[in-house]
Amino acid sequence: MKTAYELAMERLSKASPGVKLSDDQKKQLAELDSQCSAKIAERELFLRGEITKAVDQGDDQAVAQLEKQLVSERKSFKADFEEKKEKVRNQK
């Protein structure tokens, strides 16, 4: 006897079947994930350093601006890499 979860997953897979990715596509997606993480980490390190400097100087306005910039850049990188990953997924 199947659980409600198993029945729901069956209905979901019938409604929108999963996309099968080739090994090359999986490698490309993994590489894009790695690149995205690296870029985010690079910017985060830089901006965290700038935030530390601003805190040491007592510039609360600069701290807030740098934190907003960090969040914005993180979202931008993720959106850019999601677009690239979608192109890889749609390759045949």
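**Legends for the close-up views**

**View 1. Helix 3 and its cover.** Helix 2 is among what covers the buried residues of helix 3, where a residue is called buried under 20% relative accessible area, exposed over 50% and partly exposed in between, for a 1.4 Å probe and protein chains only. The model is a predicted one, in which local features need pLDDT of at least 70 and side-chain atom pairs count only at pLDDT 80 or more, while totals for chains, interfaces and linings use all residues. Residues are numbered from 1 along each chain as its sequence is written, and side-chain values use heavy atoms, with hydrogens and water left out. The buried residues of helix 3 are Ala-62, Val-63, Leu-66, Leu-70, Glu-73, Phe-77, Phe-81, Lys-85 and Val-88. Helix 3 itself has 30 residues, and the distance from its first C-alpha to its last is 43 Å, close to the 44 Å expected at 1.5 Å a residue; the expected span is 1.5 Å times one less than the number of residues.

**View 2. Helix 2 and the residue that follows it.** Helix 2 runs over residues 23-57, and its 35 residues should span 51 Å because each contributes 1.5 Å, which agrees with the 51 Å between its end C-alpha atoms. Gln-25, Leu-29, Leu-32, Cys-36, Ile-40, Leu-47, Ile-51 and Ala-54 are buried in this helix, and the buried residues of helix 2 pack against helix 3, residues 60-89. Just after helix 2 comes Gly-58, which takes a positive phi of about 75 degrees.

**View 3. Lys-85, a buried lysine of helix 3.** Lys-85 lies in helix 3, and it counts as buried because its relative accessibility is 9%. When its neighbours within four places in sequence are left aside, Lys-85 is in contact (heavy atoms within 4.5 Å) with Leu-29, Leu-32 and Asp-33.

**View 4. Glu-44 and Arg-74.** Glu-44, found in helix 2, is partly exposed, since its relative accessible area is 26%. Not counting residues up to four places away in sequence, Glu-44 touches Leu-70 and Arg-74, and its side chain makes a polar contact with the side chain of Arg-74 at 2.8 Å. A polar contact is a pair of N or O atoms within 3.5 Å; within protein, one must be able to donate a hydrogen and the other to accept it, and residues adjacent in sequence count only if both are side-chain atoms. The C-alpha atoms of Glu-44 and Asp-60, which are 16 residues apart along the chain, are separated by 18 Å.

View 5. Ala-79 lies in helix 3, and it counts as partly exposed because its relative accessibility is 46%.

**View 6. Lys-84 and the ring of Phe-81.** The charged end of Lys-84 sits over the ring of Phe-81, at 4.9 Å from its centre, under the rule that NZ of Lys or CZ of Arg must be within 6 Å of the ring centre and within 35 degrees of the ring normal. Phe-81 is among the buried residues of helix 3.

**View 7. The whole chain, for orientation.** The secondary structure of the chain comes to three helices and zero strands, and along the sequence it follows the pattern α-α-α; helices (H or I, at least four residues) and strands (E, at least two) are DSSP runs, numbered from the N terminus. The C-alpha atoms fill a box of roughly 65 × 35 × 15 Å, taken along the principal axes. Buried residues make up 18% of the 92 residues in the chain. Among the contacts with a separation of 6 or more, 67% are between residues 24 or more positions apart.
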